[in-house]
Amino acid sequence: MGMGNDLADVLIVGAGPTGLVLACDLARRGAAVRIVDRSPAPPRTSRAKGPNARSLEILDDLGVADEVLAAGSAPLPMLKYRDRLPVAETDPWADSAPSPDAPYDRGRLIAQWRLEEVLRDRLAGYGVRVELGREVVGLTEAADGRHVDVTFAQDRTERVRYVVGCDGAHSSVRKLLGIGFEGTTAEDQVMVCGDVDLAEGALDRTRWHQWFDEDGAVMLCPIPGTRTGWWFQAGPERDGRGRPLAPTADGFRRLLARHTALPGRALTRAELLSTYRVNVRMADRFRAGRAFLAGDAAHVHAVAGGLGMNTGIQDAFNLGWKLGLVLAGHAEPTLLNTYEEERLPVAARTLDLTSERLRATLEAIRRPGGGLDAAITLDTTGLGVGYRWSSLARVPDEAPRPDETPRHDETPRHDETPRHDEAPRPDKAPRHDETPRPGDGLPGSPQPGDRAPDAPCVDAVTGARTRLHRVFAGPRTTVLGFGPGSAAVLREVAAAYGDAGVRTCRVYASDESGARSGPGAAVVDDEGHAAAAYGTGAFGDTGTGTVVVVRPDHHLGLCAPADDARSVHAYLRRLHGAGRPRNGSPALVDAARKG
């Protein structure tokens, strides 16, 4: 893997969390993936404070969640001060607890450099390493639309099948593609940031300390895995004209002495200093031919709610499986159109959400006791993000009209990519009260496009406790069967698609009798959580059974009565072709699972 002997399948530009998650996902699928970064060495930045609940699910699927949990810490209670005195303490997660359908109810604090280290180690396990000191300065899509020529700063041009720009807000890939990045920069909303060391014992490391005064603010959050390291954020010092001054270690000491009860000398080190301005911008498109944008290269927004890195990780998880299926020869290249179709509206909503949370936070800190907890809502967990408006949330027509049938060798061209203003918006998604259409699921149950719920259960063969997300883990589509009536469809699916990246799993009710045998995995829903989460009772009562197709990114593709085999096969054909790889599929490489 890695360089490969000829043409790399995917070149990822940018080795932050977004690029690394995408590289890990593609590498485990057997794709020839390369990842480059123009930095000469891995950055030691702590910028993002960690993955949210949905990103933890993705990291779990990649096999690294246990390491991330061990290296990080739980979100901390927030201690708020006014005029140097503590005035309030708030734990935004006090009323939150894991549930059967969502075992991660909150995110994790971990320095970004440490998360990147974990992901690089996972990637190295697949034989792929980040190529440092490599800057992309040119991109040209070939006339035949089958590859991209990439020019590096060293004047070397190399050929790849696809390029993904994960290279941040100042993305070279985006600029080379000529994709607009419209939005606003709030010059008056400025914050200085850095990683600092405080004298040991200077502050309680079990709290996130926040001083909000009328003339400024200082926020200090302990960096997990360090004895004396803290994330420092503050309103900037200003000159005589009110213009913000650049951050310096001495400036941080003055801010510390002005707003806190600590002396300036308590700050013993300050590095990775930066000035943050609120930017709210989004790319016009997330795709141009064989090139894609993900993460900050595609969208930037207010820091409130901590959704920047998380939205990028979730971009990568959406794109990875689609590229994987196309490269393996299962899916038509038109599947790649659904990346922008699904993620652009999510990015637009995230821009709105974070801007609203920033407004709420700025309003809250005007009052003593207000703090950053105002930015945290259920929306910031990421668990509610879905794609009900997507074409992948619909059963394809049995026989597309001739003029709609994609050619086997068809690659969408630059000018065929849906425009920003044509993309479905989140408010176009099906409403909860819409009458379900075939394959749209049951009233009151998760709908196609929604995140697939987790549920604790028991392995029917070994008797060991497991959960549905563990069944879903790895680079495959999963077909769940509930009720005896689902057995026939599961057998058909296993026979047709078992070698094409599809797994089957029979979910038995605790009171079901008879031999628990058949193709694929089998679990016992001993506490009824799976049936409750997927709303399978209505079909189960009639004895028909239910079949649920779960996409590789853990979103529902289809919920149907088990006697609707046509819909199940039509949906799987969209993702996996006729069940046999057409171009010689690389072997799938399963992540080594822990636990």
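Modeller: Of the 595 residues in the protein chain, buried residues make up 56%. Please keep in mind that this is a predicted model. The protein chain contains 13 helices and 23 strands, and it exposes about 24100 Å², of which carbon and sulfur atoms supply 50%.

Biologist: What makes you say that helix 1 is mostly covered?

Modeller: A residue counts as buried when its relative accessible area is under 20%, and twelve of the twelve residues of helix 1 are buried. Among them are Pro17, Leu20, Asp25 and Arg28. The cover over these buried residues includes strand 1 (8-13), strand 2 (33-37) and strand 8 (157-165), together with helix 2 (53-61), helix 4 (112-124) and helix 7 (308-327).

Biologist: How do you know that the span of helix 1 agrees with its number of residues?

Modeller: Helix 1 (residues 17-28) has twelve residues, which at 1.5 Å a residue should span 16 Å, and because its end C-alpha atoms are 17 Å apart, the two values agree. Just after helix 1, Gly30 takes a positive phi of about 85°.

Biologist: Why is the contact between Glu158 and Arg34 called a salt bridge?

Modeller: The rule asks for a side-chain nitrogen of Lys or Arg within 4 Å of a carboxyl oxygen of Asp or Glu, and for Glu158 and Arg34 the N to O distance is 2.4 Å, so the pair meets the rule. Glu158 lies in strand 8 and Arg34 in strand 2, so the pair ties together parts that are 124 residues apart in sequence. Both Glu158 and Arg34 are buried, and both belong to a network of salt bridges that also links Glu131, Arg134 and Arg156. By this rule the count comes to 34 salt bridges.

Biologist: What makes Arg367 and Glu363 partly exposed?

Modeller: Partly exposed covers the range between the buried limit of 20% and the exposed limit of 50%. Arg367 has a relative accessible area of 47%, and therefore is partly exposed, and Glu363, at 39% relative accessibility, counts as partly exposed as well. These two residues form a salt bridge, with the closest N and O atoms 3.6 Å apart.

Biologist: Why are strand 18 and strand 23 called edge strands?

Modeller: Seven strands form an open sheet in the order 18-17-21-20-19-22-23, with mixed pairing. Strand 18 (465-467) and strand 23 (556-561) each pair on one side only, and they are the edge strands. Neighbouring strands of this sheet are turned by 30° against each other on average, direction ignored.

Biologist: How do you know that strand 17 and strand 21 pair?

Modeller: Pairing requires at least two bridges, and strand 17 (residues 456-459) and strand 21 (residues 521-525) are joined in the antiparallel sense over two bridges, so they count as paired. The bridge partner of Asp459 in strand 21 is Val523.

Notes:
Residues are numbered from 1 along each chain as its sequence is written. This is a predicted model: local features need pLDDT of at least 70, side-chain atom pairs count only at pLDDT 80 or more; totals for chains, interfaces and linings use all residues. Side-chain values use heavy atoms; hydrogens and water are left out. Helices (H or I, at least four residues) and strands (E, at least two) are DSSP runs, numbered from the N terminus. Axes are lines fitted to C-alpha atoms, for helices over the stretch in contact, and angles run from 0 to 180 degrees between N-to-C directions. The expected span of a helix is 1.5 Å times one less than its number of residues. Buried means under 20% relative accessible area, exposed over 50%, partly exposed in between (1.4 Å probe, protein chains only). Contact means heavy atoms within 4.5 Å. Accessible areas come from the Shrake-Rupley method with a 1.4 Å probe; for residues, only the protein chains shown count as cover.
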